Amino acid sequence: GDILDAYLRTDGVWIFTRNKQFYKTNNEKECADKCEAERNFTCRAFLFTRKKLQCLTLAENAKMAVAFTSTDAVLYEKIIYLMQCKRGIGTDYRGTEAKTQRGIPCQKWAEKIPHKPNYTPEKYPNAGLEENYCRNPDEDEGGPWCYTTDPAMRFDYCAIPDCEDQVTQTGEGECMQCNGEDYHGEVSRTESGLECQRWDVQEPHMHGFILKHYPDKDLKMNYCRNPDGELRPWCFTTNPNKRWEYCNIPRCNTPPPVSGLDLQCLSGKGEDYRGRIAITESGNACQHWNTQFPHKHGWIPDRYPCKGLEENYCRNPDGEKKPWCYTTNSSVRWEYCTIPPCDRTEQGIAGMNNVPVQVPLAEECYRGKGQSYRGTASVTVSGKKCQAWSSMFPHTHIKTPDRFPDADLRDNYCRNPDGDSSPWCFTTDPNTIWEYCNLKRCDDHTQE
């Protein structure tokens, strides 16, 4: 696989650490190679800056050092050093547990008191024998262990949870359909083994995902959920240095339940439309969903298996007012499609509402100041999640849907209700009231 698959990526973060090495590299993969080959210290993470093409290999990660925002930087942390659970017998466990299953503190691997060790950092340089952390250098079937600080007990095993136990694939609800929007299982650890923060508390991370604002999202206990249309379920973590992370929940083997009837006509917003119309209302042919030409986009069929993104058929994967598609006309990024309504009543209602509207731009870019932007982006330039417009937490404000009825202030999507320079949102970080969103301006050739 890709060398970067072993790392957890965080955009816009810099960590302050004394033990580091500078290199000049062309890309992140070359920087990862430097980290793997580092001999001056154990490389747990690296920083890469896009503008300067600067690579810093680091002895510490965000769990161990102070982190702060830096727009141009990307932090890559080795997942193995973030995991607080063990895989198999835990020979690759590199977590920071440092007491035995009975609660006795571990002896440092480099020390000889009270026990003279057979396993030392010098003899086993690749076994991760740092400090007094639990390790398994001899592939003991009992899992990670350590020499203890009790003279009467030479060694003991450590109570490290199994990563496999975090996800019980056979348990009902412990697998996910689609993108996990309807996942109601009880997994409560992230993919790197961090424990999830409860949704009803604001420590260590304050946020706006409160049950009363998301009553149908099942935000119970500290279970992983997907209330905001992410790629898969996630949670805020109990680690102050890692705000949120995805959870490792397998896809169900059974096919997802059929939503609606796979309609061939327009009902409601057409989210269940599965017909074969592939031409826009102005006559442009639709671009295939699995291609990136002439328009680059994020609606990739493999990522969204339940949205019906087949061929180049008109669809409504993002809750727009009706089905749409990217067009094969390079100067028209996307347009709505004309789908016949399912019954006369709906046709009459559609006719009453059939007033011309300026076609808002698609979710990946905006035109002008972005006041017509109607996409589903909900992340700021520094990677913070957006606060819901109808929420007053963590920030109270007057930019509410009822005061700005024409600004489409839905959910926590980036918008520009007040004529600012580009789409923005209030953030779920209590220390940052608002930020511009991580959106690009559409190129100059895009037709209004």
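Visitor: Is strand 1 mostly covered or mostly open, and how many of its residues are buried?
Guide: Keep in mind that this is a predicted model. Strand 1 is mostly covered, with seven of its 10 residues buried.

Visitor: How do I read the way strands pair, and which strand does strand 1 pair with over nine bridges?
Guide: The general idea is that strands of a sheet pair through backbone hydrogen bonds, in either a parallel or an antiparallel sense. Here the partner of strand 1 is strand 5, and the two are antiparallel across nine bridges. To find one of these places on screen, pick Tyr 7, whose bridge partner in strand 5 is Lys 78.

Visitor: In what order do the strands of the open sheet come?
Guide: The order is 1-5-3-4-2, five strands with antiparallel pairing. Strand 1 (7-16) and strand 2 (20-24) are the edges, each pairing on one side only. On average, neighbouring strands of this sheet are turned by 30° against each other, ignoring direction.
Guide: Look also at strand 3 (residues 45-49) and strand 4 (residues 54-58), which are antiparallel and joined by five bridges. Within that pairing, Ala 45 stands opposite Leu 58 of strand 4.

Visitor: Which helix lies across these strands?
Guide: That is helix 1 (residues 28-37), lying across strands 1, 2, 3, 4 and 5 (66-78).

Visitor: How many helices and strands does the protein chain have?
Guide: There are three helices and 15 strands in the chain. Of its 448 residues, 47% count as buried. For contacts between residues at least 6 apart in sequence, 62% join residues at least 24 apart.

Visitor: How do I read a nonpolar core, and which residues have the most contacts inside the largest one?
Guide: Look for buried nonpolar residues that are joined through their side chains. The largest core here has 17 residues, and Trp 289, Trp 299, Cys 314 and Trp 324 have the most contacts inside it. Strand 10 (324-326) and strand 11 (334-336) each supply at least two of its residues. Strand 10 gives the largest share, three residues. A second, separate core has 16 residues, including Trp 199, Cys 224, Ile 249 and Ala 388.

Visitor: What should I look for in aromatic pairs, and how many does the structure hold?
Guide: Check how far apart the ring centres are and how the planes are angled. The structure holds 30 such pairs. One of them, Trp 109 with Tyr 147, is edge-to-face, at 5.6 Å centre to centre with 70° between the planes. This pair links distant parts of the chain, 38 residues apart: Trp 109 is in the loop between strand 5 and strand 6 (145-147), and Tyr 147 is in strand 6.

Visitor: Why do Trp 109 and Tyr 147 count as buried?
Guide: The cut-off is under 20% relative accessible area. Trp 109 counts as buried because its relative accessibility is 0%, and Tyr 147 because its value is 3%.
Guide: For contrast in geometry, see Phe 209 and Tyr 214, a stacked pair at 5.0 Å centre to centre with 25° between the planes. Both Phe 209 and Tyr 214 are buried.

Visitor: Where do charged side chains sit over rings, for example that of Lys 20?
Guide: The charged end of Lys 20 is over the ring of Phe 16, 6.0 Å from its centre. Arg 44 lies over the face of Tyr 81, 5.1 Å from the ring centre.

Visitor: Let us finish with a loop residue: where is Thr 428 found?
Guide: Thr 428 is in the loop between strand 13 (424-426) and strand 14 (434-436). Thr 428 is buried, with a relative accessible area of 1%. Setting aside residues up to four places away in sequence, Thr 428 touches several residues, among them Met 206, Phe 209, Arg 243 and Pro 394.

How values were computed
Residues numbered from 1 in each chain as written. Predicted model: local features only at pLDDT ≥ 70, side-chain atom pairs only at ≥ 80, totals over all residues. Heavy atoms only, no water. Pairing = 2+ DSSP bridges. Helix = DSSP H or I, 4+ residues; strand = E, 2+ residues; numbered from the N terminus. Axes fitted to C-alpha atoms, helices over the stretch in contact; angles between N-to-C directions. Contact = heavy atoms within 4.5 Å. Core = buried A, V, L, I, M, F, W, Y, C linked by side-chain atoms within 4.5 Å. Buried < 20%, exposed > 50% of the residue type's maximum accessible area, 1.4 Å probe, protein only. Phe/Tyr/Trp six-rings, centres within 6.5 Å; stacked < 30°, edge-to-face > 60°. Lys NZ or Arg CZ within 6 Å of the ring centre and 35° of its normal.
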